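I opened my notebook to write down what I looked up, entry by entry. Here is the structure I was working from.

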Amino acid sequence: MSTRTDLSLAQRKRQLVSDELTESALQLLAIKGFDAVTVDEIVAAAGVSKRTFFRYFASKEDVVVQFLADMGADMRAALAERPAAETPADALLHTVRVPVTTCAADSERALRVVQLILRTPALHARFLERQVQWRDDLAAELAGRVGLDPETDLYPRLAAGTALTAFHVVLQRWSASDAAKDPVALLDEAFTVVAHALDRPQ
């Protein structure tokens with residue numbers, strides 16, 4: 001038997017189960033509220049056992065945290081792929097536009113998740129914690145682009161943090177409008193305010 005094939009099939013199956021659990025959990029949490037939903041309800045909606053749930057997630061909070069972790073990984077990958085000649089402001093705008101465009105493309109689902117995070121203190125705290133990690137990851141990537149040390153130079157963290165603050169404010173405005181506003185347009189508007197601070201001073 002081919003162990004590589006078996007592993008590939010097993011990994012695909014694991015990803016499918018994880019995705020189904022995540023989707024079921026996020027839908028229930030968004031509709032009923034974080035505190036009102038139990039793990040039993042999540043597994044019933046997903047059609048799996050509680051034991052299966054705990055193989056993937058330590059708690060219902062971790063379902064949302066994983067969603068946030070994936071968002072951060074997508075942004076770092078997007079920044080790494082931007083053209084080397086692009087200004088830091090443009091590179092960061094296109095980087096942060098990745099999750100914002102995802103929200104715009106599936107606004108009904110994304111709005112439920114964003115409102116759940118912003119309106120649940122425990123989840124909002126985890127969101128802010130994640131943004132610190134995203135800032136450091138983006139700063140490391142940005143520092144490599146401009147030839148600076150992310151540990152000793154102020155610019156990379158300040159620029160990455162400013163871009164993520166713009167992202168956070170856009171999510172808040174978009175969420176408050178119940179998706180009536182275009183999040184991509186809001187992001188572009190936000191970057192016209194902060195872009196001058198994102199390019200490396202000469």
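**Entry: E151 and its partners.** I started with E151, which is exposed because its relative accessible area is 61%. For the cut-offs, I used under 20% relative accessible area for buried, over 50% for exposed and partly exposed in between, with a 1.4 Å probe and protein chains only. The side chain of E151 meets that of R157 in a salt bridge, at 3.7 Å from N to O. I counted a salt bridge when a side-chain nitrogen of Lys or Arg is within 4 Å of a carboxyl oxygen of Asp or Glu. R157 is partly exposed, with a relative accessible area of 25%. I then saw that salt bridges with shared partners join R135, D136, E151 and R157 into one network.

**Entry: ground rules.** I noted that this is a predicted model, where local features need pLDDT of at least 70, side-chain atom pairs count only at pLDDT 80 or more, and totals for chains, interfaces and linings use all residues. Residues are numbered from 1 along each chain as its sequence is written, and side-chain values use heavy atoms, with hydrogens and water left out.

**Entry: P150.** I looked for P150 and found it in the loop between α7 (121-146) and α8 (155-176). Helices here are DSSP runs of H or I with at least four residues, strands are E runs with at least two, and both are numbered from the N terminus. Leaving out neighbours within four places in sequence, P150 contacts A139, A140, A143, P156 and R157. A contact means heavy atoms within 4.5 Å. I also checked P150 against E108: the two are 42 residues apart in sequence, and their C-alpha atoms are 37 Å apart in space.

**Entry: the whole protein.** How many helices and strands are there in the protein? I got nine helices and zero strands, so I wrote the pattern along the sequence as α-α-α-α-α-α-α-α-α. The C-alpha trace spans about 60 × 50 × 30 Å along its principal axes. The protein has 202 residues, and 41% of them count as buried. Taking contacts between residues at least 6 apart in sequence, I found that 67% join residues at least 24 apart. The accessible surface comes to about 10,900 Å², and 53% of that belongs to carbon and sulfur atoms. I noted that accessible areas come from the Shrake-Rupley method with a 1.4 Å probe, and that for residues only the protein chains shown count as cover.

Entry: My count by the salt-bridge rule came to 13. Side chains of opposite charge can pair when their charged atoms come close. One of the bridges joins R126 and E61, whose closest N and O atoms are 2.3 Å apart. R126 sits in helix α7 and E61 in helix α4, so this pair ties together parts that are 65 residues apart in sequence. R126 is partly exposed at 23% relative accessible area, whereas E61 is buried at 19%.

I went on to R76 and E141, whose side chains meet in a salt bridge at 3.3 Å, N to O. R76 lies in helix α4 and E141 in helix α7, so these partners also tie together parts 65 residues apart in sequence. Both count as partly exposed: R76 has a relative accessible area of 31%, and E141 has 22%.

**Entry: T95.** Is T95 buried or exposed? T95 counts as buried because its relative accessibility is 0%. I placed T95 in helix α5 (residues 88-105). Not counting residues up to four places away in sequence, T95 touches M75, A78, L79, R82 and L138.

Entry: I counted 23 positive and 28 negative side chains, with the centres of the two sets 5 Å apart. Lys and Arg count as positive and Asp and Glu as negative, while His and the chain ends are not counted. The place of a charge is NZ of Lys, CZ of Arg, CG of Asp or CD of Glu.

Which residues form the negative surface patch? I found D19, E20, D70 and D74 there. The elements giving two or more residues to the negative patch are α1 (3-32) and α4 (60-81). D70 is in helix α4 and is partly exposed, with 40% relative accessible area. Patch residues have over 30% relative accessible area and no salt bridge; like charges are joined within 9 Å, and nonpolar side chains (Val, Leu, Ile, Met, Phe, Trp, Tyr) within 5 Å.

I also found a positive surface patch, formed by K13, R14, R51 and R55. Here α1 and α3 (50-56) are the elements that give two or more residues, and R55 lies in helix α3.
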